[in-house]
Amino acid sequence: MGIRAPWMVLVIGAAAATLSLVAPPRARAATATPALPCTTPALTGSLGATIWHYQQDLAQQGQAANSPGEAQDWCLLLRLLQGQTGQRDWTADALYWKGLGHYWLSTGAYAAAVGAFDQEAQYWTLAGEPTWGDADEITANSYRPVVDLYAAEQASGPSGPSGKYAPANGTLLGYYVQQDPAVGSFPTAARIAAAYDGRQPAILLYYVDWGQSVPAGYLTAARDLHAALEIALQPEQGLGPVLSDGGYLQSLASQLGQSGVPVFLRFANEMNGNWVPWGMQPAPGDPTFAAHAARYVAAFRKVAEVMHAQAPNVAMVWAPNDQPTTGTEAYWPGSAYVDWVGVSAYLDASAPGQPGADARQSLLANISWIYDHYAAKKPIMIAEGGIGHYDHIAGQDVTPWAQRQLDAFLAGLPRLYPDIRALVWWSADKPAASDYTLSNDPSLLQTFARDTRSPWFLTSPTGTSPVRYNAPRANPVPADASISAYVHDWHQTPARVVYLLDGRQVGTADTPPWTLSLQGLAAGAHTLTLDAYGPAGHLDASQTVTFTVAGFTDLADYGWAAPDIRALAAKGIIQGVSPTRFDPGAPVTREQFAALLTRAFALVPSNSTSYSDVSQSSWAYADIQAAGTLIPSSGSTFAPTEPISREDVAAALGTLLSGSGQGTSPASPASPASVLAAFQDASSITPSLRPAVAVAVSAGILRGFPGGSF
């Protein structure tokens, strides 16, 4: 670029290329309390006697499967407790709202059901049992209307909790393949590609029982595929052999440590369920519950201590099931022992004995409890999971339903849950529930392959996503922005969304993530509206937001520099003094230029650099440590707030380009004097800086002024 004095002010910082549209999804407000569809009944004797009467009738209505009658009794009981007496029984309130919520759910009154479940959760908290309403809150999240808008931004650094093998941004894609006949226990790249439409694994999942060594074929398969290995280590004989182990654990650590393969060790997973020998038995509330949880914690810590000490390539994964939630936190081993938090999460169209009962659930809602409780602590892994395309309980193919659910899940995952850093798909059949196999359902596989080709989903354990999706309110967007959305309503996903920019329709979308490309937006404030329509064309949800376009309106007299200013701002190297003002005529200080060099060339701070006039508390201290030696200075002082001269700018860039600094580029010109002879004031350039200045001039970075002066 041509650099002229006076130059532009450089306010250095991370660029904000995101659209600030909504509050973070985890901070969503609860639905308003639904109105009770009954009036307070008259007392028949004492309050207690009246409550007893309706409780008895409630039991009779339940035996008769009379849902409307049950709902009427729930409502009258709530009125009795909350109406005329002023007395509160928090547990009773919670139970009555629970019953009313499930009734409204069965009748399709979804908004009322969500409100009732939110009320239930509040009353359980008042009753001193804050987790007892978690299951119904997860159900409420499946029906709660949500409209969240996002803009794609260049991923400039890691986000969320760090962890061994956790990508800076993105979700590692993995598979369980042992029961997929199209792949087999020891997959090759060719068989994986053929079975999963080219989507290679970053992780392979295998199961190993306590006491067994890891089969060599598992390690070889992972090594040949350049994948990490997830080992589900299961103490099928209970926790006793783990706590009394005298040698197996050491042997396993030695084997895994010497394998050279990245390993996720998921020890004793789904411990919050009663279907595994090491699981939650007895249930919370039993006098021995705490002792059993303590035994589990001790066993997990024992495994983690050995692995951390002897197998540094092993990441410990603590992985409950997505439900139940009550009691799960008692099994938490502690942050020092856990590298990742995992979860088992499946979505089936039916529940056991209830065909079609779960068809309106949401896999994203099902994992909300785990994410809300642990994403701030550790990277999250869906350690195994899937969406069934054949429903064994109902005995029917549900592929179209599974495709809609899969679209919503894979589009919503990077937006709602950016700290879920791995997804391992269970590509196999579970005859008692559903078939989740990808390779035997071409339609589902096509949906899966299309959705996971988003740059967010990673097929290498060392990969990272070049983009991320953010929705903070305060940050501006670039003039060209890619907008997407997470939209969830009564229909699970709407049939169509319509975007309006400043009141004018600018686009429509009919599949998640409802992408809209905005180009050439004028700098300043705008409004964006998303309207979501159901299958019958009814407006089900809407969201209007205000955002600011990050564009500078004061570059009209600087046409020669405007493209470079916008390019550097888009990369996060420079910012204006406000979202719409750059102040291009202001001088640049020496510390600002040091910061520009550090960010533009990713320079590394050096402890060997020290200046008496640069304090460690200065905002530019690290930048000067990295780039200060490239910028000419006088001895032990740097003069950080002084304007930088053109020859110092040229010398710093020339040093980088010549390869004598931390950068590499073309060789220095054979004769700096001949290069600089084109300038009538060449003799005023400091002699010691002339070779580096000549490099910058030869590279076309500085051209001087019209008339021939430098």
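This is a predicted model: local features need pLDDT of at least 70, side-chain atom pairs count only at pLDDT 80 or more; totals for chains, interfaces and linings use all residues.
Local features require pLDDT of at least 70 and side-chain atom pairs pLDDT 80 or more, whereas totals for chains, interfaces and linings use all residues. Residues are numbered from 1 along each chain as its sequence is written, and side-chain values use heavy atoms, without hydrogens and water.

**View 1. Helix H1 spans residues 47-63.**
Helices (H or I, at least four residues) and strands (E, at least two) are DSSP runs numbered from the N terminus. From first to last C-alpha, the 17 residues of H1 reach 25 Å, close to the 24 Å expected at 1.5 Å a residue; the expected span is 1.5 Å times one less than the number of residues. Trp52, Gln60 and Gln63 are exposed, while the buried residues of H1 include Leu47, Ile51 and Tyr54. Buried means under 20% relative accessible area and exposed over 50% (1.4 Å probe, protein chains only). Ala65, which follows H1, has a positive phi near 55 degrees.

**View 2. Glu647 lies in helix H18 (residues 646-658).**
Glu647 is buried, with a relative accessible area of 18%. Its side chain makes a polar contact with the side chain of Thr686 at 2.8 Å; such a contact is a pair of N or O atoms within 3.5 Å, within protein one able to donate a hydrogen and the other to accept it, and residues adjacent in sequence count only if both atoms are side-chain atoms.

**View 3. Four strands form an open sheet in the order E17-E16-E19-E20, with antiparallel pairing.**
Strand E17 (504-509) and strand E20 (539-549) stand at the edges, each with a single partner strand. Two strands pair if DSSP finds at least two bridges between them; E16 (residues 496-501) and E17 have five. Tyr499 stands opposite Gly507 in E17.
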